[in-house]
Structures are given as C-alpha cells and as structure tokens.
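Dear colleague,

I am passing on the structure we spoke about, and my notes follow below it. Please look through the model first and then compare it with what I have written.

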Amino acid sequence: MTAKAHQPVKAGDVLTFPLGHHIRVIKVLDPGIRRGPAPEAQALYEDLSPPPPRTKGVTVVGGDPPQRDVGAGRPTKRERRALDELMGDDGTGED
C-alpha cells in the first residue's frame, strides 16, 4: 500500500525510497520519542536494502573515490582525462 507523505510512521511500517542511485528499504522498529544521536536512531530501524552492486575495477557511485599513491601529487591533465574516461564521465558536468 502506498501512503501519502503526511501519513505518520509507526512501528512495523516498511519504507522504500531512492537514495542517490540506490533503493533503500527500511523497516521501522520503533518511531522513537526524541531526536537523538545516530547510534540511538539506528537502533530504531532495520535496513532491508539489498547490497549495492559491486563491479570489478569500477568504483560504484557514492563509494570511495579513486586513490593515488602518497606523494604523487595532483593528476596531470592527461591523467585526469584518462580517469574521466574510465569512470564514464564525458567532462560536461552533467549526469
């Protein structure tokens, strides 16, 4: 069943929503009584989301950025273009 945005959330509700390029599925265990620290909030829900797809050799969007060797400095223009091509970025700044 799809509820409207103003519908109050209660224990047992399952929420499905997009977060970036992933779909999150959350089961509410308890709505809580106050706004508190993250560990307390994480105890109030169960994450039922499937694990993000892992692709060999390519960083998943939202994952860790590519790492460079210590002391290597900034990438040159040629290296940056090669990285952009590898990551599928056409350089226009658009998705």
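Phe17 has Arg24 of strand 2 as its bridge partner, and this pair belongs to a region of a predicted model in which strand 1 and strand 2 run antiparallel to each other, joined over 6 bridges. The hairpin that these two strands form leaves 2 residues between them, and Gly20 there adopts a positive phi near 70 degrees.

On the pairing with strand 3, strand 2, which covers residues 22–28, is again antiparallel to its partner, here over 3 bridges; within strand 3, Asp47 is the residue that stands opposite Ile26.

Taken together, the 3 strands make up an open sheet in the order 1-2-3, with antiparallel pairing. Its edges are formed by strand 1 (14–19) and strand 3 (45–47), each of which pairs on one side only. If direction is ignored, neighbouring strands of this sheet are turned by 30 degrees against each other on average.

Confidence is highest in strand 3, at 93, and lowest in helix 2 (residues 77–87), where the mean is 87.

With best regards

Technical notes: Residues numbered from 1 in each chain as written. Predicted model: local features only at pLDDT ≥ 70, side-chain atom pairs only at ≥ 80, totals over all residues. Heavy atoms only, no water. Pairing = 2+ DSSP bridges. Helix = DSSP H or I, 4+ residues; strand = E, 2+ residues; numbered from the N terminus. Axes fitted to C-alpha atoms, helices over the stretch in contact; angles between N-to-C directions. pLDDT = per-residue confidence, 0-100.
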